[in-house]
Protein chains: 2
Amino acid sequence: MAQDGGKKLVEAITPMEEDFAKWYTDIVKKAELVDYSSMRGCLFIRPYAYAIWENIQKVLDAKFKETGHENVYMPLFIPESLLQKEKDHIEGFAPEVAWVTHGGGEKLEERLCVRPTSETLFCEHYSHIVHSYRDLPKLYNQWCSVVRWEKTTRPFLRSLEFLWQEGHTLHETEAEAREETTRMLNIYADFCEQVLAMPVVKGRKTEKEKFAGAVDTCSIEAMMHDGKALQSGTSHYLGDGFTHAFDIQYTGRDNTLKYPFQTSWGVTTRLIGAIIMVHGDDSGLVLPPRIAPTQLVIVPVAMHKPGVLEKANELLVRLQKTLRVKLDASDNSPGWKFAEYEMKGVPLRLEIGPRDIEQNRCVVVRRDDRQKIEVSLDELETRLPAILDDVHEALYKKALERQNAMTYACTDWDGFVRTADEKPGFIKAMWCGDQACEEKIKTDAGLTSRNIPFEQEHLSDTCICCGKPAKHMVYWGKAY
Amino acid sequence: MAQDGGKKLVEAITPMEEDFAKWYTDIVKKAELVDYSSMRGCLFIRPYAYAIWENIQKVLDAKFKETGHENVYMPLFIPESLLQKEKDHIEGFAPEVAWVTHGGGEKLEERLCVRPTSETLFCEHYSHIVHSYRDLPKLYNQWCSVVRWEKTTRPFLRSLEFLWQEGHTLHETEAEAREETTRMLNIYADFCEQVLAMPVVKGRKTEKEKFAGAVDTCSIEAMMHDGKALQSGTSHYLGDGFTHAFDIQYTGRDNTLKYPFQTSWGVTTRLIGAIIMVHGDDSGLVLPPRIAPTQLVIVPVAMHKPGVLEKANELLVRLQKTLRVKLDASDNSPGWKFAEYEMKGVPLRLEIGPRDIEQNRCVVVRRDDRQKIEVSLDELETRLPAILDDVHEALYKKALERQNAMTYACTDWDGFVRTADEKPGFIKAMWCGDQACEEKIKTDAGLTSRNIPFEQEHLSDTCICCGKPAKHMVYWGKAY
Ligand SMILES: [Zn+2]
Ligand SMILES: [Zn+2]
């Protein structure tokens, strides 16, 4: 973080409207979120971004534990024979894995895959420890990194290695496992809305888009500033395919051997990309207050006048008790500091100068709408948390309004294709359930199915593509 | 964790005196710390062990942050050319690395090492971001896993992959970097003593034993129950070797280009092995209270008598406010539960039955010495934390007394060789500083230098081995 008293200027970033992709990479560099390593697609995640991830972890981990989950750690390496046990799974992942072939100076007898996801490892472990219905459910989670050999990469959105959590659970019945799948999707959705101020669409993926090895994949889809979708979390109902493949059996309540039912679910550092692209603006990051590493920065004005720095320090000590606060007492100019913390997306800036001190007040400036609010120094402890809540609500409302404004309902093919071509955003349209139509929509309109939302609307009786009877309303869009 | 109401019996473990190695592996399995994966040397770290690691992380991470350090995340992979930049470093690590040679279905142009440690990655990043003395110090840390291709492995002590933290810092001056090296070693030592109840010897490693690429390596060495040493944390002063190799230069206060000075430091999941081998006994684990996932387990006695379970639940809710508490209301017998939580090393057991309730009291049993303490139900909130502190102190005292009793001072070669042969433990002896003597001691007495303790004693004027003038007193021992 640039608290070094240096003289560098905050350089402007490319405006969003001019080049959204460049705007994004400008932000990740200039807000000091990442640095590029010489290894393609691998990043140095810098303190500011990692602090955001730690805050995400803290909130989610507590939620997982509240709902009975326990953390574990599984190995980084998966022997090839283990990965191959579940056929759909290996077919899905084989093209994008990294292989270790040598260790300790010798060629290995069996090559090892660097985990792209850990279903197979959890299954091997479960096959050792699950024997009776009394051992169920097993509700495990791990925080780790995984590797997927992507051809093109973008910071946070798609990288060779990324940080995530992966939950893996086993249950006695299909109903319990499906309930868990929904529970975890809801935890993710609530987290996005209540903590990241980011509205999401909850739904089920189509057959074509589901996870390799899953019976059903549910997802939350968020709309970025440019109208593209970002799949922000997934929760899979895996059925008993893996438990058969790994021969995980338990003695049931009726004393017969049974295969348990399974789920897995995860969110990744993609969420940081989502935060950037949902809330950011042409001045830089805009961080939702509940996840911001610094919620308020104190900028002393006329810092060298007697009493100013003392008062600023006094406020720091006071406010640190309830908020994540930082004081910038470096010799950079206030103007430089204003720009710097706007770039960093700090939700509130507190300005305090000699006249403020005389009048026992300060000026609080909101990052999201630049509103200036005079606050009495006696009321900071009550007013600041309320203002932070207002910022959260405003960010959520703005994002939701944009998402609504950029979501179109289409009921005829020409309108669909034209909207897909002219209007960035989501299109709601009916679908027959046939993969051929899904593929035609990809080819002719350039859109993929985001998900089949749980909240269905009946837009028409027929498939947007083939005119046959419709089964579902689907969200279509371009995706990161 | 065995809270499943199952009927399994707590099986006895091999007594320590009979076979210490088997005692150890019995504990790691029966206390449900790990499960073996089909991949040699890689473990499934189970919830109970991972919860210990999370508690270790929580305390240390707070200490690191208090002392100004920030967390980051560096890539898992190191391109071979990057690893080779510092000569001593690559020579030290080359024999024990794992190589990724294929990714995304193709052979890679350059093979990638799975990080055995991340000095080279931090250096690459530092070379991008450090330009001026204003950018210093850089005080970074990361929590991750690393891979070292060990020939023989043992759970927590030596494995192909292990969890750790690695701090990497850059400083303007040698003095500052050396101060950081000492600061972090002291943080580790204080943590071991004040949190893990484990005495350690602080000192400097000999040239032969130091880290590949370091100028000086400092370590903390703990004595296990069998008298062997476990290196429990290291802090390296790296000088400016890496900063030269990676061309990290900054403009100093005098406006000339300079190379910064560097440190690195780490502790690993070995600490869990240390906890087992310092405090454990023939009934299982004995966890130091400040790190125990469960500090107190409530075991209702005559559970089905009216009011017992209600009272137990009431105590759970009350005590959870200040302690990590668990209630075992399963239908296993109290005797089974006593054995189970002894195996798990839970510091305190609280027994409550109908007669206790009548008399408004309960019985608290200490895991470490089995002492039974009657406590009034009105005084639990004050008495329990005090008892936990007593347990901590007692564990520390016992470990220190054992370490003192098993540490021998030798001043003649025959006595040294005989003691090494007959007495497990540490031997303090003078050394001339010559590597030849160190090697002879290894060959003839089977001991390696643990470290040159900061607290020196003058045992004699001459080297235990060659009789030449002595430079240092050294701790010698067998090590894990
Ligand atoms: Zn159709
Ligand atoms: Zn000598």
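Start by selecting Arg290(A) and Asp389(A) in this predicted model: their side chains meet in a salt bridge, with 3.1 Å from N to O. The two partners come from distant parts of the chain, 99 residues apart. Arg290(A) sits in the loop between α8 (270-279) and β15 (296-300) of chain A, while Asp389(A) belongs to helix α12 (residues 380-405) of chain A.

Next, pick Lys428(A) and Glu457(A). Their closest N and O atoms are 2.9 Å apart, in another salt bridge. This pair also links distant parts of the chain: Lys428(A) is in strand β21 (residues 426-431) of chain A, and Glu457(A) is in the loop between β22 (448-453) and β23 (472-477) of chain A, 29 residues away. Which of the two is buried? Lys428(A) is, with a relative accessible area of 14%. Glu457(A), at 35% relative accessibility, counts as partly exposed.

For something with several members, select Asp281(A), Glu342(A), Arg349(A), Glu351(A), Arg367(A) and Arg370(A) together. These six side chains are linked in a network of salt bridges. If you show every salt bridge over all chains, the structure holds 70.

**The zinc ion of chain A**

Now centre on the zinc ion (ligand 1). Its protein donors are the SG atoms of Cys432(A), Cys437(A), Cys463(A) and Cys466(A), lying 2.3 Å from the ion. Try the angle tool here: the four donor atoms subtend angles of 103 to 117°, so the arrangement is tetrahedral. Along the chain, these donors follow the spacing C-x4-C-x25-C-x2-C. Two of them, Cys437(A) and Cys466(A), bring together distant parts of the chain, 29 residues apart. Cys437(A) lies in helix α14 (residues 435-445) of chain A, and Cys466(A) in the loop between β22 and β23 of chain A. Is each of these two buried or partly exposed? Cys437(A) counts as buried at 5% relative accessibility, whereas Cys466(A) counts as partly exposed at 34%.

**The zinc ion of chain B**

Move over to the zinc ion (ligand 2). Here the donors are Cys432(B), Cys437(B), Cys463(B) and Cys466(B), each through SG, at 2.2 to 2.3 Å. The angles between the four donor atoms run from 103 to 117°, which makes this arrangement tetrahedral. The sequence spacing of the donors is C-x4-C-x25-C-x2-C. Look at Cys432(B) and Cys463(B), which link parts of the chain 31 residues apart. Cys432(B) is in the loop between β21 (426-431) and α14 (435-445) of chain B, and Cys463(B) is in the loop between β22 (448-453) and β23 (472-477) of chain B. Both of these cysteines are buried.

**A helix to look along**

Stay in chain B and select helix α12 (residues 380-405). Its 26 residues reach 36 Å from the first C-alpha to the last, close to the 38 Å expected at 1.5 Å a residue. Then show the buried positions, among them Leu380(B), Leu384(B), Ile387(B), Leu388(B), Val391(B), Leu395(B) and Ala399(B). The buried set also includes His392(B), Tyr396(B), Arg402(B) and Gln403(B). When you look down the axis, keep the helical repeat in mind: an α-helix has 3.6 residues a turn, so residues three or four places apart point the same way.

**Two contacts elsewhere in chain B**

Select Glu340(B) and Lys344(B). Their side chains meet in a salt bridge, 3.3 Å from N to O. Glu340(B) counts as buried at 3% relative accessibility, and Lys344(B) counts as buried at 3% as well.

Then go to Ser330(B), in the loop between β16 (325-327) and α10 (334-343) of chain B. At 12% relative accessibility, Ser330(B) counts as buried. Its side chain makes a polar contact of 3.1 Å with the side chain of Asn332(B).

**Last stop: His244(A)**

Return to chain A and find His244(A) in helix α7 (residues 241-245). A polar atom of the His244(A) side chain lies 2.9 Å from the backbone oxygen of Asp240(A). His244(A) counts as partly exposed, at 41% relative accessibility.

To finish, select residues 19-288 of chain A, which an unreviewed UniProt entry lists as "domain: Aminoacyl-transfer RNA synthetases class-II family profile". This span is 33% helix and 30% strand, with its end C-alpha atoms 24 Å apart.

Note on methods
Residues are numbered from 1 along each chain as its sequence is written. Chains are lettered from A and ligands numbered from 1 in the order in which they are written. This is a predicted model: local features need pLDDT of at least 70, side-chain atom pairs count only at pLDDT 80 or more; totals for chains, interfaces and linings use all residues. Side-chain values use heavy atoms; hydrogens and water are left out. Helices (H or I, at least four residues) and strands (E, at least two) are DSSP runs, numbered from the N terminus. Buried means under 20% relative accessible area, exposed over 50%, partly exposed in between (1.4 Å probe, protein chains only). A polar contact is a pair of N or O atoms within 3.5 Å; within protein, one must be able to donate a hydrogen and the other to accept it, and residues adjacent in sequence count only if both atoms are side-chain atoms. UniProt positions are given in the numbering used here, feature names are shortened, and annotations may be inferred rather than shown by experiment. Donors are N, O and S atoms within 2.8 Å of the metal (3.2 Å for Na, K and Ca); water is not among the atoms, so sites may look incomplete. Four donors count as tetrahedral if all angles lie between 85 and 135 degrees; four count as square planar and six as octahedral if opposite donors are over 155 degrees apart and all others between 65 and 115; anything else is irregular. The expected span of a helix is 1.5 Å times one less than its number of residues. A salt bridge is a side-chain nitrogen of Lys or Arg within 4 Å of a carboxyl oxygen of Asp or Glu.
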